[in-house]
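Subject: Structure handover

Hi,

Here is the structure I promised you. Please open it alongside this note.

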Amino acid sequence: MHVFGLTGGIASGKSTVSRMLRELGARVLDADVLAREVVEPGTPGLKRIDERFPGVVGPDGRLDRVKLGAHIFANAEERAALNAIVHPEVRALFLQKLQALEAEGVTHAVYDVPLLIETGLHTAMEGVAVVWVPREVQKARLMTRDGLLADQAEARLQAQMPLDDKRAHATWVIDNSGAPEATRPQVEAVWRAMLAHG
Ligand SMILES: CC(C)(COP(=O)(O)OP(=O)(O)OC[C@H]1O[C@@H](n2cnc3c(N)ncnc32)[C@H](O)[C@@H]1O)[C@@H](O)C(=O)NCCC(=O)NCCS
Ligand SMILES: Nc1ncnc2c1ncn2[C@@H]1O[C@H](COP(=O)(O)OP(=O)(O)OP(=O)(O)O)[C@@H](O)[C@H]1O
């Protein structure tokens, strides 16, 4: 199995690129989706979160994501504690999903992970695509999409590794600063390059 990483920054267009890859026939595993699955009601992951972060599991037995998000995005130590619970579970589920794809006969898969480079996982990938836009474009799209003020958008940008640093780890840089029509052919070229492996 050939596995490639896809990453970017907040509002850089990773979801847009992931959708284009799927349209081309790529099988894409999404770490954000896996991270939701491992904290479904009744999972050992949710039990550990409930123990470590009292009050974030509601009376319905579901994780209050807004509450936990407000808590961990404001505090690096608490964020690390959450990561220590969730990331190993995500890793195990990823390997399980990968095996299932392999059993289906899939030879090339893409793993879409916002924190791919921050967690060092990029070194385990056969290649890494980084969705890049200039910082001003990133900030403007973030403000528009999430209805944020400039300083709120700035705080979120500052919680992440800058895209200019991420691109230094890229096998392929997808420049999403133009119209989607300008991004699509780049995504096609990256998918062709991925398929050329193996
Ligand atoms: C804190 C939680 C409950 C907030 O949930 P919410 O539904 O509001 O956000 P969602 O999960 O859709 O994430 C949105 C984006 O936030 C960023 N983000 C999420 N978790 C983290 C983190 N631990 N550190 C830095 N950025 C993060 C990513 O860019 C992600 O794409 C949730 O993000 C979570 O459980 N995070 C820990 C797991 C994790 O690290 N997930 C990221 C990929 S494995
Ligand atoms: N090429 C483009 N031109 C104009 N707008 C775009 C383009 N690509 C994406 N956008 C818009 O920018 C915003 C961010 O894009 P998208 O949601 O794909 O980013 P993302 O990297 O997946 O973000 P996050 O990780 O925060 O979920 C969206 O509102 C999207 O519609």
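Which residues are closest to ligand 2? They are G13, K14, S15, T16 and R145, out of 15 residues that surround ligand 2. A residue counts as near if its C-beta atom, placed from the backbone, lies within 6 Å of the molecule.

Before you read on: this is a predicted model, where local features need pLDDT of at least 70, side-chain atom pairs count only at pLDDT 80 or more, and totals for chains, interfaces and linings use all residues. Residues are numbered from 1 along each chain as its sequence is written, while chains are lettered from A and ligands numbered from 1 in the order in which they are written.

**Ligand 2.** Two or more shell residues come from each of α1 (14-23), α6 (135-146) and α9 (180-195). Helices (H or I, at least four residues) and strands (E, at least two) are DSSP runs, numbered from the N terminus. The largest share, three residues, belongs to α1. By class, the shell has five nonpolar, seven polar and three charged residues. Here Ala, Val, Leu, Ile, Met, Phe, Trp, Tyr, Cys and Pro count as nonpolar, Asp, Glu, Lys and Arg as charged, and the others, Gly among them, as polar.

**Ligand 1.** 15 residues surround ligand 1 as well, and the closest are A31, A35, R65, G69 and P114. The elements giving two or more residues are α2 (31-37), α4 (65-73) and α5. Helix α5 gives the largest share, five residues. This shell has 10 nonpolar, two polar and three charged residues.

**Helices α3 and α5.** Helix α5 (residues 76-103) also packs with α3 (residues 44-52), at an angle of about 175° and with the axes 10 Å apart. That makes α3 roughly antiparallel to α5 (an angle over 145 degrees). G45, R48, I49 and R52 of α3 meet A81, I85, V86 and E89 of α5. In contact means C-beta atoms, placed from the backbone, within 7 Å.

**Strand β4.** Five of the five residues of β4 (residues 128-132) are buried, so β4 is largely enclosed by the rest of the structure. Buried means 20 or more other C-beta atoms within 10 Å of the residue's own, again placed from the backbone. V128, V130 and W132 cover one side, A129 and V131 the other. Four bridges join β4 to β1 (residues 2-8), running parallel. Four bridges also join β4 to β5 (residues 172-175), again parallel. Strands pair if DSSP finds at least two bridges between them. A129 is the bridge partner of L6 and stands opposite W172 in β5.

Best wishes

Definitions and conventions
Axes fitted to C-alpha atoms, helices over the stretch in contact; angles between N-to-C directions. Parallel < 35°, antiparallel > 145°, perpendicular 65-115°, else oblique. Contact = placed C-beta atoms within 7 Å. Buried ≥ 20, exposed ≤ 12 C-beta atoms within 10 Å, placed from the backbone.
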